[in-house]
Amino acid sequence: MSEYPSIGINSLRNSKGQGRKPVFDARNETQTIQKVVEAERQKLVNAQAVLEKELNKSFSVKTLKNFLKTLAGATSE
């Protein structure tokens, strides 16, 4: 036990850089996403296809929905 003095409760804390990185950059891509979703508001699948080409990223419709929910939550406050 004495050879591991730094092991303890502090070793359970998350360090910087851990965790899943966000798919969308909220600062730079919000306006682009909002424009495409407004244009394709009937089907998010179509908006997803356009955004995947435009942003050069791969993501699911569920990821897009979750991002839109965070935007709606941030603007309603």
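Me: Which residues does Glu52 touch, not counting residues up to four places away in sequence?
Reply: In this predicted model, Glu52 touches Lys57, Ser58 and Phe59 once residues up to four places away in sequence are left out.

Me: Where does Glu52 lie, and what does it count as in terms of accessibility?
Reply: Glu52 lies in helix 2. Its relative accessibility is 25%, so it counts as partly exposed.

Me: OK, which residues of helix 2 are buried?
Reply: Ala47, Gln48, Leu51 and Leu55. Seen down the helix axis, the buried residues of helix 2 fall within an arc of 100°, so they line one face.

Me: And what's exposed on the other side of helix 2?
Reply: Val45 and Lys53 are exposed there.

Me: How does the span of helix 2 check out against 1.5 Å a residue?
Reply: It agrees: twelve residues should span 16 Å, and the end C-alpha atoms are 15 Å apart.

Me: What follows helix 2?
Reply: Asn56 does, and its phi is positive, near 60°.

Me: How much of the protein counts as buried?
Reply: Of its 77 residues, 18% count as buried. The accessible surface comes to about 6700 Å², and carbon and sulfur atoms account for 50% of that.

Me: Which residues make up the largest nonpolar core?
Reply: There are eleven: Phe24, Ile33, Val36, Val37, Ala47, Leu51, Leu55, Phe59, Leu64, Phe67 and Leu71. The elements that give two or more residues to this core are helix 1, helix 2 (44-55) and helix 3 (61-75).

Me: Pick Phe67. What does it touch, residues up to four places away in sequence not counted?
Reply: Phe67 touches Phe24, Ala26, Thr30 and Ile33.

Me: Thr30, then. Where does it lie, and why does it count as buried?
Reply: Thr30 lies in helix 1, residues 26-39. It counts as buried because its relative accessibility is 14%, and the cut-off for buried is under 20%.

Me: Which backbone oxygen does the side chain of Thr30 reach?
Reply: That of Ala26, at 2.3 Å. Beyond its neighbours within four places in sequence, Thr30 is in contact with Asp25, Phe67 and Leu71.

Me: What about Glu29: buried or exposed?
Reply: Buried, because its relative accessibility is 12%. Glu29 lies in helix 1 as well.

Me: Which side chain does the Glu29 side chain make a polar contact with?
Reply: The side chain of Lys57, at 2.8 Å. Leaving aside neighbours within four places in sequence, Glu29 is in contact with Val23, Phe24, Leu55 and Lys57. One of these, Lys57, is also touched by Glu52.

Me: What are the buried residues of helix 1?
Reply: Glu29, Thr30, Ile33, Val36 and Val37. Of these, Ile33, Val36 and Val37 are in the largest nonpolar core.

Me: How does the span of helix 1 work out at 1.5 Å a residue?
Reply: Its 14 residues should span 20 Å, and the end C-alpha atoms are 19 Å apart, which agrees.

Me: Last one: among contacts between residues at least 6 apart in sequence, how many join residues at least 24 apart?
Reply: That share is 43%.

Terms used. Residues numbered from 1 in each chain as written. Predicted model: local features only at pLDDT ≥ 70, side-chain atom pairs only at ≥ 80, totals over all residues. Heavy atoms only, no water. Helix = DSSP H or I, 4+ residues; strand = E, 2+ residues; numbered from the N terminus. Buried < 20%, exposed > 50% of the residue type's maximum accessible area, 1.4 Å probe, protein only. Polar contact = N/O pair within 3.5 Å; in protein donor to acceptor, adjacent residues only side chain to side chain. Contact = heavy atoms within 4.5 Å. Core = buried A, V, L, I, M, F, W, Y, C linked by side-chain atoms within 4.5 Å. Areas by Shrake-Rupley, 256 points an atom, 1.4 Å probe, with all protein chains shown as cover. Expected span 1.5 Å × (residues − 1). Arc of directions from axis to C-beta.
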